[in-house]
Amino acid sequence: MNDIQRIGANSRRSRAVVHGGVIYLTGQVCDDKRGDIAQQTQEAFAKIDAALAEVGSGRSKVLSATIWLRTMDDYDGMNAVWDAWIDRDNAPARSCGTVGMADPDFRVEIIVTAAA
């Protein structure tokens, strides 16, 4: 178990887990829930950037992304931010769907797995 690094852990979850050269991030959401889909997506990506940097990784090392939207009406708006954020030379595997959010004011939650 010594090769597992848990970052930001509490009794319920870790913000990130690093094991075997892979980084598993918890779902990222915005801080300002009043924003539109673009603002909420940008905030989630900023948190992802910070979490990846904390463990020495970055966008070019993202292996997969799971994107949860409150409604598919936000799909195009989220994709506009995604297209500006993602390293296009190293596009990850990606899935996107709708889900009932833990807080109905969240419009998007993004989970990524990346190489360390």
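Start with helices α1 and α2, whose crossing is right-handed; a crossing gets that name if the near helix is turned clockwise from the far one by less than a right angle, and left-handed if anticlockwise. Helices here are DSSP runs (H or I, at least four residues) and strands are E runs of at least two, numbered from the N terminus. Before you go on, note that this is a predicted model, in which local features need pLDDT of at least 70, side-chain atom pairs count only at pLDDT 80 or more, and totals for chains, interfaces and linings use all residues. Residues are numbered from 1 along each chain as its sequence is written, and side-chain values use heavy atoms, with hydrogens and water left out.

**Stop 1: the helix pair**

Select residues 37-54 for α1 and 75-85 for α2: their axes come within 8 Å and cross at roughly 35°. Axes are lines fitted to C-alpha atoms, for helices over the stretch in contact, with angles from 0 to 180 degrees between N-to-C directions. Now show side chains. Among the α1 residues that meet α2 are Phe 45 and Ile 48, and the α2 side includes Met 78 and Trp 82. Contact means heavy atoms within 4.5 Å.

**Stop 2: the core**

Next, select Leu 25, Ile 48, Trp 82 and Ile 110, which have the most contacts inside the largest nonpolar core, a set of 25 residues. Such a core is made of buried Ala, Val, Leu, Ile, Met, Phe, Trp, Tyr and Cys residues joined through side-chain atoms within 4.5 Å. Buried means under 20% relative accessible area, exposed over 50%, and partly exposed in between (1.4 Å probe, protein chains only). Which element gives the largest share of this core? Helix α1 does, with six residues. Stay on Ile 48: leaving aside neighbours within four places in sequence, this residue is in contact with Leu 25, Gln 28, Trp 85, Ile 110 and Val 112.

**Stop 3: Lys 47**

Move to Lys 47, also in helix α1. Lys 47 counts as partly exposed because its relative accessibility is 26%. What does the side chain of Lys 47 make a polar contact with? The partner is the side chain of Asp 31, at 2.9 Å. A polar contact is a pair of N or O atoms within 3.5 Å; within protein, one must be able to donate a hydrogen and the other to accept it, and residues adjacent in sequence count only if both atoms are side-chain atoms.

**Stop 4: Asp 103**

Finish in the loop between β5 (93-98) and β6, where you will find Asp 103. At 19% relative accessibility, Asp 103 counts as buried. Its side chain reaches the backbone nitrogen of Asp 105 at 2.8 Å.
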